[in-house]
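Student: I would like to go through this model with you, one feature at a time. Shall we begin?
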Amino acid sequence: MAKVARYIMCLMGLLLPSLGHAEDGSQLWLRYAKVTADEAVLRKIHCPFTDPVARTATEELQNYWHKGNVDLLLDKKWDTQADGYRIRSMGGKTVISAGTSAGLLYGAFHLLRLQQLGGNLQGLDLTEKPSYALRMLNHWDNLDGTVERGYAGHSLWKWDELPAVISPRYREYARANASIGINAVVLNNVNASPLILRDDYLEKVKALADSFRPYGIRVFLSINFSAPALLGKLENSDPLNPAVLRWWKDKTSEIYQQIPDFGGFLVKANSEGQPGPQDYGRTHADGANMLAAALRPYSGLVLWRAFVYNPSAEDRAKQAYQEFVPLDGQFDDNVILQVKNGPIDFQPREPYNPLFGAMPQTSQMVEFQITQEYLGFSNHLVFLAPLFKETLDAQTYAQAHASTVAGLTQQGPHPPMSAIAGVANIGQDRNWCGHHFAQANWYAFGRLAWDSSLSSDSLAREWLSATFSPDPALVTTLSQLMIDSREAVVNYMMPLGLHHIFAFEHHYGPEPWGDIPGGRPDWMPWYYHNADSLGIGFDRTPSGSNAVAQYHSPIREQFANISSCPEKYLLWFHHVPWTYRMKNGQSLWDNLCYTYQHGVDQTRHFQQVWDSLEEKVDIQRFGEVRSKLKIQTRDAVWWRDACLLYFQTFSKMPIPVTLERPIHDLDELKKIKLELKHHN
Ligand code: GCW
């Protein structure tokens, strides 16, 4: 009955106020109520500064702040680089003070968030300073409008229309970023086309930079290391060739003439077929320093990626460390090494990358993947804050102080260059991210980049209150679901340290049997799971590849010893007999079966929880999330059946009778060949 009433009211445009108007998710977490003209005359927002960022701060408050007068002050006492701010209640007013206009903007959004979340607005006195100086999104967007591993439609950047047409979405995007503290974006894919540096594209880049600037956002570009040869028609792109350096210097100067606050270059070099300094017998440091020299006069940065591996006899998990650690101390101080959170590649769970803490003289930053390449695309509800925090909070024991990954990357050798990046999950979909709950991952990434000590639970609650409703029943129930969702995806995809057992190319769905005759072993699932009649898992102890040696003591010993290795990493570091006794007394095989089943049970539970909240969620988003949860559960069953039936061919052990029976046949599953084209 209620449903029918809601439907009719929706048709009449008369939705219940508590449910808002018809929602398509396009407003993200910024569902602030606008100040009316009557309200506006009752309060004054005072800001003596007129630069574009301060103006944005003022406008946001003018448009959305309902609760009395606010003064915005610049206070030189503040570190001018830090974007920090203070908010105080003083003599009937609220005062935001900061060292920069960007600080005022973040302070304004903080105040609006407090209002939105129903926080106490009396007697305020709070001070904020970001954990990282550079809080950055990496777009893997191509110039033809597709997005590498993008699951929310085409690229937001309409290169063919720019610079003449400026889509209103550019500002909406920038505003959303600013509201969570993101202050830098790399516009294009790390598999970079050299064309991005051509004059006509730089004009388009300038137009985007101009749209983002009022929101305190700086633009960076991914570059193709061979651009001097490919675009500049030089003989080569050898970093030690003076003509190459000259080309980069000229190009950089050209960029800064158009975009005075340009941030710098992100580089994927000698990785997965991309060109790089090694093509000329030079090192990563030679390549990075050459670009750093071109950028130095403008205080620009080089973000040099450490994601490198080659088909060789060496364990892939060890290769980046082997290549980069000997270069410690050789990188210029405007170079930051951008390191993926784990040593393989954005798997549902990886131990932290041992490069963190292994290069004390080199600035390092973490790269997370917000887009869900290996986590069910935008079909699966997976809240990533617990994954991000697992890495940030990991204790490396690399130094006496500050040796969590967060600590190491926040206090590198060259402050204030600290930085953090997330590969964006944003596209042209009306709801920006493809799945309504994927917005939470964009949100959580930004908020953690601002304050890495925030808890996953508080982030889930904040986001839910702002995005769906502050109703405590909804927030409590769904925040629990969100927190559980990361472990669920690990359980139904790759539990107990399993990794890289997904389908070739598109990376959606299970393919533990995957093998392409003559294909690169380090792209094949068997390389990683090593299942045989004795057991399963990758031996990375001294009796195997000895990747554990790359970790500091006592982590090294903890991981190397099968009885102290956390079970969540067991099969990452050990080849374990099927009959091995797990801590709960089950055999490894039984435990694997129970864990896969548990993952399936969790997704079924998510469906029930969601349905129980039907009355509390608007119709459109309710229906869309419900459909996605159905797909997620179906996929979880698919993963369970595929992995257990396949591994059973080695273990030869029965699936415990208390568990659900598989509903697929292995042969039938092996025939599935998805033609997924990244939803482009
Ligand atoms: O995860 C792998 C992806 C590639 C990606 C690469 C990288 C941009 O499968 O699509 O390329 O990582 O991070 O460079």
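Student: Where is Pro 163 found?
Tutor: Pro 163 is in the loop between strand S6 (134-138) and helix H5 (168-179). Helices (H or I, at least four residues) and strands (E, at least two) are DSSP runs, numbered from the N terminus. This is a predicted model, in which local features need pLDDT of at least 70 and side-chain atom pairs count only at pLDDT 80 or more, while totals for chains, interfaces and linings use all residues. Residues are numbered from 1 along each chain as its sequence is written, and side-chain values use heavy atoms, with hydrogens and water left out.

Student: And which peptide bond joins Leu 162 and Pro 163, cis or trans?
Tutor: The bond joining Leu 162 and Pro 163 is cis, with omega about 0°. The peptide bond from Ser 553 to Pro 554 is also cis, its omega being near 0°. Pro 554 sits in the loop between strand S14 (535-536) and helix H17 (555-560).

Student: Changing topic: what does the run from S6 to S13 form?
Tutor: The eight strands S6-S7-S8-S9-S10-S11-S12-S13 form a closed barrel with parallel pairing; two strands pair if DSSP finds at least two bridges between them. On average, neighbouring strands of this sheet are turned by 25° against each other, direction ignored. Axes are lines fitted to C-alpha atoms, for helices over the stretch in contact, and angles run from 0 to 180 degrees between N-to-C directions.

Student: How many bridges link S12 and S13?
Tutor: Strand S12 (residues 363-369) and strand S13 (residues 419-423) pair over four bridges. Glu 367 has Ala 421 in S13 as its bridge partner. Helix H11 (residues 385-392) lies across S12 and S13 and runs at about 160° to S12, where contact means heavy atoms within 4.5 Å.

Student: Now the ligand. Which residues are closest?
Tutor: The ligand is surrounded by 15 residues, and the closest are Glu 148, Lys 268, Lys 340, Asp 345 and Glu 373; a residue counts if one of its heavy atoms lies within 4 Å.

Student: How far is the ligand oxygen from the side chain of Asp 345?
Tutor: An oxygen atom of the ligand is 2.5 Å from an N or O atom in the side chain of Asp 345. For Glu 373, a polar side-chain atom lies 2.6 Å from an oxygen atom of the ligand.

Student: And what about Lys 233?
Tutor: Lys 233 has a positive phi, near 60°, although the residue is not glycine. Lys 233 lies in the loop between helix H7 (227-230) and helix H8 (242-258).

Notes:
A polar contact is a pair of N or O atoms within 3.5 Å; within protein, one must be able to donate a hydrogen and the other to accept it, and residues adjacent in sequence count only if both atoms are side-chain atoms.
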